[in-house]
Amino acid sequence: MKRRRVSVSMAALLAIAGGIWGCGDGATEPDGDVLTLAESEALLEAINVVGARALEADPASFAGSVSLTANCSGGGVVNAGGTLIPSETETGIRFLANLTIVPEGCVETSRDRTFTLAGAPSLRQTGTYAFSMPEELAFVFDLNVSMVGALAYELEERSGTCEVSVTVESRLDFSDLMQTGRASGTLCGNAVDIDLNREIPLTPDPEG
């Protein structure tokens with residue numbers, strides 16, 4: 001198979017890795033301000049985008065303690081603080097992450113649903129991000145993280161607090177533009193166990 005070269009930032013990698021966390025539709029109807037399964041999955045995608053926005057800095061600058069702030073697409077900001085500890089591997093670099101993520105009036109849209117998010121009090125993200133190139137033009141990104149905590153949300157005329165406890169193991173292989181892995185845990189009172197296997201929705205570098 002012909003190798004295809006792509007250009008992608010760390011933030012984009014994190015968004016791709018987590019963008020498929022919420023797949024499928026839930027038929028459960030809402031009870032008051034409680035989110036349906038489908039709405040919870042859309043919220044999870046929005047949460048993942050929020051976490052990625054806080055990591056838009058150059059990965060080369062990650063060398064220990066970090067304190068980052070980024071704008072959300074519809075207004076508000078997201079803050080991330082903690083540590084990203086780099087270490088070399090045989091074929092690349094790995095970051096050990098221990099971050100606290102706190103959105104402030106952060107507005108993001110996912111699956112045609114617009115959420116306004118705030119820390120309640122925050123999400124803690126721990127685990128590893130690993131970048132490697134086992135062979136020429138065979139770039140691989142491995143994600144193994146957990147997200148635990150709570151966020152306050154507003155959706156249309158509803159609002160509430162969503163508890164999050166999710167683990168994600170994912171591999172992005174850019175030699176064939178495929179993602180593999182699983183996401184599982186609980187989100188907004190809904191159990192999730194999602195197959196992440198799919199094609200990576202990226203346009204190959206036109207010079208590749």
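**Salt bridges, rings and a core**

Modeller: This is a predicted model. Arginine 158 and glutamate 39 form a salt bridge, with their closest N and O atoms 2.6 Å apart.

Colleague: Where do arginine 158 and glutamate 39 lie?

Modeller: Arginine 158 is in strand 7, residues 158-173, and glutamate 39 is in helix 2, residues 37-53. So the pair ties together parts that are 119 residues apart in sequence.

Colleague: Are arginine 158 and glutamate 39 buried or exposed?

Modeller: Both arginine 158 and glutamate 39 are buried.

Colleague: How many salt bridges does the structure hold?

Modeller: It holds 2. Besides the pair of arginine 158 and glutamate 39, there is a salt bridge between arginine 171 and aspartate 142, at 2.7 Å from N to O.

Colleague: Which parts does the pair of arginine 171 and aspartate 142 tie together?

Modeller: Arginine 171 lies in strand 7 and aspartate 142 in strand 6, so the pair joins parts that are 29 residues apart in sequence.

Colleague: And why does arginine 171 count as partly exposed?

Modeller: Because its relative accessibility is 39%. Buried means under 20%, and exposed means over 50%.

Colleague: New topic: rings. How many aromatic pairs are there?

Modeller: The count comes to 4. Take phenylalanine 131 and phenylalanine 139. Their ring centres are 6.2 Å apart and their planes are at 35°, so this pair is tilted.

Colleague: What is the relative accessibility of phenylalanine 139?

Modeller: Phenylalanine 139 is at 21%, so it counts as partly exposed. Phenylalanine 131 is at 11%, so it counts as buried.

Colleague: What about phenylalanine 131 and phenylalanine 141?

Modeller: They form a tilted pair, 4.9 Å centre to centre, with 40° between the planes. Phenylalanine 131 lies in strand 5, residues 113-132, and phenylalanine 141 in strand 6, so the pair ties together parts that are 10 residues apart in sequence. Both residues are buried.

Colleague: Which residues do ring pairs link into a cluster?

Modeller: Phe95, Phe131, Phe139, Phe141 and Phe174.

Colleague: On to the core. Which residues of the largest nonpolar core touch the most other members?

Modeller: Leu43, Ile47, Tyr129 and Val164, out of 45 residues in that core. Strand 6, residues 140-155, gives the largest share of this core, 7 residues.

Colleague: What does valine 164 touch?

Modeller: Leaving out residues up to four places away in sequence, valine 164 touches Ile47, Leu123, Met147, Val148, Gly149, Thr186 and Leu187.

Technical notes. Residues numbered from 1 in each chain as written. Predicted model: local features only at pLDDT ≥ 70, side-chain atom pairs only at ≥ 80, totals over all residues. Heavy atoms only, no water. Core = buried A, V, L, I, M, F, W, Y, C linked by side-chain atoms within 4.5 Å. Buried < 20%, exposed > 50% of the residue type's maximum accessible area, 1.4 Å probe, protein only. Helix = DSSP H or I, 4+ residues; strand = E, 2+ residues; numbered from the N terminus. Contact = heavy atoms within 4.5 Å. Salt bridge = Lys/Arg side-chain N within 4 Å of Asp/Glu carboxyl O. Phe/Tyr/Trp six-rings, centres within 6.5 Å; stacked < 30°, edge-to-face > 60°.
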